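Thank you all for making the time this morning.

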Amino acid sequence: MAEIRVAVIGVGNVGATFVQGVDYYSSGKSTVGLWHQKVAGLKPANVKIVAAFDIDPAKVGRNLSEVASEITRKNEIKRSKVDISSGILSDNTDKTDKPATISASEFAKELRKSGAQVALNLISSGMDKTSLEYAKAALAARVAFVNATPAKIASNPAVARKFAQNKLVLAGDDLLSQFGGTAFHKGMIDFMVERGVHVKKSYQLDVGGSAETKNTMDERIRMMKRSMKTGSIGMEAPYKFESVAGTTEYTDFLGDSRNSYYWMSSEGFLGSNIVMDLTLRTSDGANAGNVLLDVVRATGKARGGKAAEVISAYGFKSPPKRYKIREAYSNFIEMFA
Ligand SMILES: NC(=O)c1ccc[n+]([C@@H]2O[C@H](COP(=O)([O-])OP(=O)(O)OC[C@H]3O[C@@H](n4cnc5c(N)ncnc54)[C@H](O)[C@@H]3O)[C@@H](O)[C@H]2O)c1
């Protein structure tokens, strides 16, 4: 049976929801909420998680599904054959006490031994050196790499060239959630432009309660993410308009949910005002799950070249080559669905 073997790097909110999603949709209990049943001819049941890595000593050495159940608070996740191994750490961090680490070459050896075809990088944002080390180690192990973090990996031309030379897909950077703040914002701008409305100003303020949102409160990370989100939104109109999009606040009691507040001001026929003011409430983990499930199936099947560009534009906010949201979607569907 065709299968795609995946290594999960970083078992946090998104990693745990991905594990839960693979288990749930593989069981065949339901397809409700699943975006694409088949991608590259593969169903969710064809995705096998064969390895997992983290540096949190409270997670390392424990069974993957046990940790994922704890994070998602869903006890029905089927017991995995995988225990979480130690990961690489090349950045300074005060977020993890006594991190459990291994060297990049040990990681590459373990990755190769696991038989993984795709390494899925889901570590905390702000760890740019570590993400680059993971990508290089995956390359050494001849494993395709998906970078969901905002670190510039797929958009690093030297790294991308090496993956392409080895006929391996390198996809990224910074996951574009299925129906999250940025995707929805892009969709609204696209719709206004299509309906002949002139977009003048637009903002999106995100408030969330996840560990990653807390992490984003670091000014350097916040500004980096703000620039990626704003850049991704700006390209939906064929002209420049004023826009701001970013995470504004961390509120612990929101947990995995995120509130995105939008305000858009546009001009219609004879200069008439069109103003939109709305709130979107979503769940971060679930919002990442569908896109990742699609991306790993496509990445596992493809062999570099144009496919890396198509996958990156479909699933990420800062791909090496940007397309408008609809074009990125139709290119992906044409190639993989
Ligand atoms: N919808 C979304 O949630 C979304 C959207 C876009 C991008 N992302 C990106 O996905 C990534 C994961 O988000 P999350 O909410 O799961 O974060 P999280 O903080 O819940 O989980 C991160 C996990 O990575 C682990 N980790 C940290 N450093 C590591 C290392 N060096 N090696 C291995 N593991 C390490 C942490 O211990 C933790 O378990 C982030 O970079 C985030 O920016 C998420």
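I will go from the domains to the sheets, then to one helix, the ligand and a few single residues.

Before anything else, please keep in mind that this is a predicted model. The domain assignment of the protein chain gives two parts, with domain 1 made of residues 4-176 together with 286-336, and domain 2 made of residues 181-283. If you take the centres over C-alpha atoms, domain 1 and domain 2 are 25 Å apart. Where they meet, 16 residues of domain 1 are in contact with 23 residues of domain 2. On the domain 1 side of that meeting, helix 9 and helix 11, the latter covering 325-336, are the elements that give two or more residues. Sorted by class, this side of domain 1 has seven polar, five charged and four nonpolar residues.

Another strand to find is strand 7, residues 198-208, which pairs with strand 9, residues 257-267, in the antiparallel sense over ten bridges. Within that pairing, Gln204 is bridged to Tyr262 of strand 9. Strand 7 also pairs with strand 8, residues 242-250, but here the sense is parallel and there are eight bridges. In this second pairing you can see Leu205 standing opposite Gly246 of strand 8.

Now to helix 5, residues 157-165, whose buried residues are Val159, Ala160 and Phe163. Why do these three lie on the same side of helix 5? They do so because they cover an arc of only 100° around the axis. In general, an α-helix has 3.6 residues a turn, so residues three or four places apart point the same way. The buried residues of helix 5 pack against helix 4, at 128-140, against strand 5, at 144-147, and against strand 6, at 170-171. On the face turned away from that buried side, helix 5 carries the exposed residues Pro157, Ala158, Arg161 and Gln165. Just after helix 5 you will come to Lys167, which takes a positive phi of about 55°.

Next comes the ligand, which has 34 residues around it, and of these Gly10, Gly12, Val14, Gly87 and Glu212 come nearest. Both domains take part in this shell, with at least three residues drawn from each of domain 1 and domain 2. The elements that each supply at least two residues of the shell are helix 1 at 13-26, strand 2 at 47-54, helix 7 at 211-216 and helix 9 at 284-301. By class, the shell divides into 15 nonpolar, 14 polar and five charged residues.

I would like to finish with some places in the loops. Most residues other than glycine have a negative phi, and most peptide bonds are trans. In the loop between strand 6 and helix 6, where Asp173 has its place, the peptide bond from Gly172 to Asp173 is cis, with omega near 0°. Asp174, found in the loop between strand 6 and helix 6, has a positive phi near 65°. Is Asp174 buried or exposed? It counts as buried, because 25 other C-beta atoms lie within 10 Å. Arg73 has a positive phi as well, near 60°, and is found in the loop between helix 2 and strand 3. Arg73 counts as exposed, because it has 9 C-beta neighbours inside 10 Å.

With 16 other C-beta atoms within 10 Å, Lys324 is partly exposed. Leaving aside its neighbours within four places in sequence, Lys324 is in contact with Asp190, Met235 and Glu236. The C-alpha atom of Lys324 is also separated by 8.7 Å from that of Ser232, although the two residues are 92 apart along the chain.

Terms used: Residues are numbered from 1 along each chain as its sequence is written. This is a predicted model: local features need pLDDT of at least 70, side-chain atom pairs count only at pLDDT 80 or more; totals for chains, interfaces and linings use all residues. A residue is near a molecule or strand if its C-beta atom, placed from the backbone, lies within 6 Å of it. Helices (H or I, at least four residues) and strands (E, at least two) are DSSP runs, numbered from the N terminus. Ala, Val, Leu, Ile, Met, Phe, Trp, Tyr, Cys and Pro count as nonpolar, Asp, Glu, Lys and Arg as charged, and the others, Gly among them, as polar. Domain bounds come from an automatic or database domain assignment. A residue is buried if 20 or more other C-beta atoms lie within 10 Å of its own, exposed if 12 or fewer, and partly exposed in between; C-beta atoms are placed from the backbone. The arc is that of the directions from the helix axis to the C-beta atoms. Two residues are in contact if their C-beta atoms, placed from the backbone, lie within 7 Å. Two strands pair if DSSP finds at least two bridges between them.
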